[in-house]
Amino acid sequence: MSQGRGNAIAVSVLLMGMLLHCSNVWAATYTVGDAGGWAFNVVGWPNGKTFRAGDVLVFNYNPASHNVVGVGKHGYDTCTAAGQKFQTGSDKITLVKGFNYFICGFPGHCASNMKIAVNAM
């Protein structure tokens with residue numbers, strides 16, 4: 001009888017471990033700008049979408065022409081590219097809870113609405 005209980009405990013521990021390990025399975029992946037990618041006038045792209053912490057944004061662009069800079073609200077509002085810079089042309093960035101701000105750090109691009117603000121729940 002105690003062997004059956006031991007097996008049940010082992011199976012329960014294994015299942016809990018799998019659930020904890022797979023918590024990001026439910027995360028969604030979004031391509032910023034959809035088919036157009038990370039480009040000018042993408043500022044409205046997040047509208048109507050629901051984002052959660054752990055979701056992944058994929059930024060597709062030509063790295064010779066653009067980049068992605070994670071900034072705070074001030075950097076977003078003033079187009080100041082002081083933050084973590086991504087420049088592979090296919091960057092995958094996981095959202096944290098709250099507001100996540102991204103701009104293009106190339107001169108004039110942020111001012112041309114190459115920026116997004118995403119609120120993740």
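Trainee: What makes cysteine 79 and cysteine 110 a disulfide?

Mentor: A disulfide is a pair of cysteine sulfur atoms within 2.5 Å. The S to S distance of cysteine 79 and cysteine 110 is 2.2 Å, so the two are joined. This is a predicted model, in which local features need pLDDT of at least 70, side-chain atom pairs count only at pLDDT 80 or more, and totals for chains, interfaces and linings use all residues. Residues are numbered from 1 along each chain as its sequence is written, and side-chain values use heavy atoms, with hydrogens and water left out.

Trainee: Why is cysteine 79 called partly exposed, and why is cysteine 110 called buried?

Mentor: Buried means under 20% relative accessible area, exposed over 50%, and partly exposed in between (1.4 Å probe, protein chains only). Cysteine 79 has 30% relative accessibility, so it counts as partly exposed. Cysteine 110 has 4%, so it counts as buried. Cysteine 104, with a relative accessible area of 2%, is therefore buried.

Trainee: Why is the pair of tryptophan 45 and phenylalanine 51 called tilted?

Mentor: Rings of Phe, Tyr and Trp (its six-membered ring) pair if their centres lie within 6.5 Å; planes under 30 degrees apart count as stacked, over 60 as edge-to-face and the rest as tilted. The structure holds seven aromatic pairs. In this one the centres are 5.9 Å apart and the planes are at 45°, so the pair is tilted.

Trainee: Which residues have the most contacts inside the largest nonpolar core?

Mentor: They are Trp38, Leu57, Phe59, Phe102 and Ile116, in a core of 19 residues. A nonpolar core is a set of buried Ala, Val, Leu, Ile, Met, Phe, Trp, Tyr and Cys residues joined through side-chain atoms within 4.5 Å.
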